[in-house]
Amino acid sequence: MAELKMTIDKSNEISKINKEIYGHFSEHLGRCIYGGIYVGEDSPIPNTRGIRNDVVEALRAIKVPVVRWPGGCFADTYHWMDGIGPKDQRKKIVNVNWGNVTEDNSFGTHEFLDFCELIGCEPYVSVNVGSGTVREASEWVEYMTSSNVSPMTELRKKNGREEPWNVSFIGIGNENWGCGGEMTAEYYSDVYRQFQTFIRGPKKIACGPNGHNTEWTDTMMKKCHPGQMQGLSLHQYTIPTGNWGKKGSSVDFDENEYYKTLSNTWYMDRIIKDHKAVMQRYDWDKRIGLVVDEWGIWTDVLDGTNPGFLYQQNSMRDAILASINLNIFNENSDRVTMANIAQMVNVLQAIILTEGDQLVKTPTYHVFDMYKDHMEAKLVYSNIENKQIYEGGYLPAISQSVSVDTEGKMHITISNASLDEEFDIDCVMPRAEYKSVSAKILTAGYKECNTFENPDAVHPVSYDEVKLDGEKLSFKLPKCSVLAIELC
């Protein structure tokens with residue numbers, strides 16, 4: 001068993017970890033909304049105004065801070081007026097981006113914001129830029145947020161909502177370099193400036209780059225100042241094979257593909273740092289946040305499922321992948337102000353899977369549960385000896401982050417991606433005075449999943465292989481594991 005040295009300096013506070021870094025994304029795609037979050041008031045599945053009670057309970061347990069909606073590519077074909085008013089009078093639409101299915105718009109603005117209130121999170125609403133108008137977007141924001149007397153507020157009241165909602169974030173377009181209009185950065189920046197002029201109140205998030213496209217970021221930062229945008233989005237997915245045409249399976253993969261996938265996900269760190277460098281040239285005091293509002297593993301769909309529904313399983317590999325990404329976001333929280341995993345239920349790297357009245361919490365769900373204490377805490381300096389474990393690319397065995405919350409408790413999250421080696425970690429914490437330690441661990445075979453037949457195959461358990469001795473901490477880190485430690 002290898003020994004690794006770790007150092008934590010509690011007095012060296014780096015940045016605040018915004019709670020929104022632990023955000024989520026729910027698009028009208030496959031069974032994310034219909035059947036996943038929303039089943040309708042007449043469903044035999046227990047619900048509150050059509051929203052599944054079991055999903056609400058699971059999301060409240062991990063303190064979901066923010067949810068992005070309605071897309072995604074769907075956002076730039078969505079016309080919000082179609083989704084308000086009596087449900088039997090709402091226009092049916094065809095979801096042209098995802099499977100060409102017809103939906104009845106029974107889940108619209110009121111239902112989404114009701115959902116956010118039920119789970120206790122902030123709403124992040126993406127307005128339609130690709131096929132919409134400035135007037136449509138500004139009237140939607142007025143409908144949701146205004147307390148003045150106006151045609152939009154009167155319409156909201158007529159539809160049953162007297163008081164405005166607290167909508168925290170407005171995304172102005174989505175992937176406008178692609179499905180949101182095939183725009184150039186120069187053209188979109190002008191469109192963005194126009195739209196944002198007529199949207200008042202919520203924080204405004206601009207469409208940012210696709211992956212490593214720093215030229216897009218440079219253009220947006222050059223043409224839009226912090227008074228015009230408070231966030232710039234970034235979309236970056238982990239493709240196991242690196243090939244969008246044949247992405248790889250979520251259930252049938254070998255050790256080499258496991259390592260290749262995790263090596264690919266570490267590219268997130270380089271991408272973030274390169275975009276941060278561009279943003280720093282224009283915004284040295286960091287008033288514009290980098291918002292990673294789509295991230296996660298994207299595999300081929302499960303055999304026998306609709307190709308347009310993007311339904312995949314979720315294994316221990318995905319738990320390690322989530323751990324690496326969340327640690328990267330924590331470590332870059334001086335600029336990364338929000339992140340939204342794709343997606344919340346039944347789509348891509350879902351934290352929840354549903355089938356009828358059944359619900360499964362995936363390994364990724366458990367990682368979010370183990371990491372939730374980082375929210376609003378201060379990131380502190382940590383360093384660990386590391387070991388490269390993959391000849392095909394960059395892949396350190398260990399990923400970690402450390403924070404101290406407002407009560408002075410320290411939270412350490414650390415994962416071991418190695419399938420062959422466990423580690424003894426010896427950690428020194430100068431000037432740290434703690435009396436007690438507790439820990440939870442998530443570990444299983446790298447392909448192991450939670451299923452409807454065996455929903456608890458992968459779940460966290462208490463872990464007593466952590467020892468505290470004054471300013472020293474020692475613990476064993478098993479192979480293929482995620483560990484969360486709390487010091488009080």
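Reply: Start with one cut-off: buried means under 20% relative accessible area, and exposed means over 50%. Keep in mind that this is a predicted model.

Me: Is leucine 310 buried or exposed, and how do you know?

Reply: Leucine 310 has a relative accessible area of 9%. The cut-off for buried is under 20%. Therefore leucine 310 is buried. Its place is in the loop between strand 12 (289-297) and helix 9 (316-331). Leucine 310 also has a positive phi of about 55°, although it is not a glycine.

Me: What makes asparagine 100 exposed?

Reply: Its relative accessible area is 52%. Exposed starts over 50%, so asparagine 100 counts as exposed. This residue lies in the loop between strand 6 and strand 7 (101-103). Asparagine 100 is not a glycine, yet it has a positive phi of about 55°.

Me: Why is aspartate 252 called exposed?

Reply: Aspartate 252 has 58% relative accessibility. The cut-off is over 50%, so the residue counts as exposed. Look for aspartate 252 in the loop between strand 11 (231-238) and helix 7 (255-265).

Me: Which residues gather with Asp252 in a patch of negative charge?

Reply: Asp254, Glu255 and Asp420 gather with Asp252 in that patch on the surface. Asp and Glu count as negative. Like charges are joined within 9 Å.

Me: What order do the strands of the open sheet follow?

Reply: The order is 21-20-24-18-17-16-1-19-23-22. That open sheet has 10 strands, and the pairing is mixed.

Me: Why do strand 21 and strand 22 stand at the edges?

Reply: Strand 21 (461-462) and strand 22 (466-469) each have a single partner strand, so one side of each is left without a neighbour in the sheet.

Me: How do you know that strand 22 pairs with strand 23?

Reply: Two strands pair if there are at least two bridges between them. Four bridges join strand 22 to strand 23 (residues 472-477). So the two strands pair. They run antiparallel. Lysine 467 has serine 474 in strand 23 as its bridge partner.

Conventions
Residues numbered from 1 in each chain as written. Predicted model: local features only at pLDDT ≥ 70, side-chain atom pairs only at ≥ 80, totals over all residues. Heavy atoms only, no water. Patch = residues over 30% accessible without salt bridge, like charges linked within 9 Å, V, L, I, M, F, W, Y side chains within 5 Å. Areas by Shrake-Rupley, 256 points an atom, 1.4 Å probe, with all protein chains shown as cover. Salt bridge = Lys/Arg side-chain N within 4 Å of Asp/Glu carboxyl O. Charge placed at Lys NZ, Arg CZ, Asp CG, Glu CD. Buried < 20%, exposed > 50% of the residue type's maximum accessible area, 1.4 Å probe, protein only.
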